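Q: Can you walk me through this one? I'll ask as we go.

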Amino acid sequence: MAETLTHIGQTEPRPAGWQGIAADWSSDQRAFKNVSWGKAMMWIFLLSDTFIFGCFLLSYMTARISTRVPWPNPSEVFALRIGGSDIPLILIAIMTFVLISSSGTMAMAVNFGYRRDRRKTAILMLLTAALGATFVGMQAFEWTKLITEGVRPWGNPWGAAQFGSSFFMITGFHGTHVTIGVIFLIIVARKVWRGDFDTGRRGFFTSRTGRYENVEIMGLYWHFVDLVWVFIFAFFYLW
Amino acid sequence: MAEVTANGLGQHALDAVRAHEAPATGIAHAEVHQEHPIKLYLVVWAWLFILSTCSYLVDYFGLHGYLRWSLILIFMILKAGLIVAVFMHMAWERLALAYAIILPPILVLVFVTMMVFEADYTLFTRLAFFGAGP
């Protein structure tokens, strides 16, 4: 199980379970024993981001419950006409599968990163970025379609006016996260490809040397983007 | 099991070497399993596809009411759990980190409850003063 370095450099086993929580948090020491500061800070950032998306979904819920005008049916609003018949929600379903696939390739990239397989790691990260860019492209298509159909933050042809503001706010913020993720995926993939984590080359912004753990930290962010989509898909599109 | 997720100290590479020796030295099953971690990711990936398909079918078949809502929530929680536990490696982290990250978002449910009451009251006043929708 997890071990920690004592001040004289020896390793000693840590207690598990509830005793482990008390022991890890107590007596003036670092709480996250076998997690680097980079990973811990990414987790704490993701926690704060959870609250942001949580508040968006909460305000959407409040608006939807409190309106006396019927809420537009997402199943019909997001239907696409393919081959002469309307298929409900099909674009959103495809977007979901694209994002899940990108999460899968990211998980594999992390795995190959720890095996020091630079080529496979970089290719899988670029594949992840490509799938993410595809997702954003489909979202742009969805926005264009809805805007041409007359959806605005202050109203739409089908029902409650809050539908537009909730939609643009939630999906827009999520799409921004995906876009930022794609940019950083490309940056980290370039570092991996060039072998920065093997040669100890310093980053252009932080002037610090990186480790293959950076790939996992990048992966945490990417999986979080997928995670948020799971909740948006359930509450906004399916509910 | 904690070794699977690599603690950033090159532990994983060591484990990979050890795992290859496993059949000869007879190391316990948990460590041998680390030789095929890719398979674990592929299995989770497949499950995420299945669960997503299921939640899409809920809408495709037009299920209604409590059946629809409970199915949506079940599939959502299963998917979120798989992503956090396996893809984000939370299952192998120490509880101190897992509880610090996972408990606070659950407390948002208190906020949800408050806003449900608030929204119900807003709807009540709107209906009382403006009548039913246009």
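A: First a term: domain bounds here come from an automatic or database domain assignment. For chain A that assignment gives domain 1 (1–34) and domain 2 (36–238). This is a predicted model, where local features need pLDDT of at least 70, side-chain atom pairs count only at pLDDT 80 or more, and totals for chains, interfaces and linings use all residues. Residues are numbered from 1 along each chain as its sequence is written, and chains are lettered from A and ligands numbered from 1 in the order in which they are written.

Q: What separates the centres of the two domains of chain A, in Å?
A: 35 Å, taken over C-alpha atoms.

Q: How many helices and strands in chain A?
A: Eight helices and four strands. Helices (H or I, at least four residues) and strands (E, at least two) are DSSP runs, numbered from the N terminus. The order from the N terminus is β-β-α-α-α-β-β-α-α-α-α-α.

Q: Which of its residues are buried?
A: B:Ile72, B:Phe75, B:Lys79, B:Leu82, B:Ile83, B:Val86 and B:Phe87. Buried means 20 or more other C-beta atoms within 10 Å of the residue's own, with C-beta atoms placed from the backbone.

Q: What covers them?
A: The cover includes helix 4 and helix 8 of chain A, together with helix 3 (37–60) of chain B.

Q: What about the largest nonpolar core, how many residues?
A: 74 residues. Such a core is a set of buried Ala, Val, Leu, Ile, Met, Phe, Trp, Tyr and Cys residues joined through C-beta atoms within 7 Å. Helix 8 of chain A supplies the largest share, 18 residues.

Q: Which residues have the most contacts inside it?
A: A:Ala109, A:Met125, A:Leu185, A:Val228 and A:Phe233.

Q: What does A:Phe233 touch?
A: A:Ile92, A:Thr96 and A:Leu238, leaving out residues up to four places away in sequence.

Definitions and conventions: A residue is buried if 20 or more other C-beta atoms lie within 10 Å of its own, exposed if 12 or fewer, and partly exposed in between; C-beta atoms are placed from the backbone. Two residues are in contact if their C-beta atoms, placed from the backbone, lie within 7 Å.
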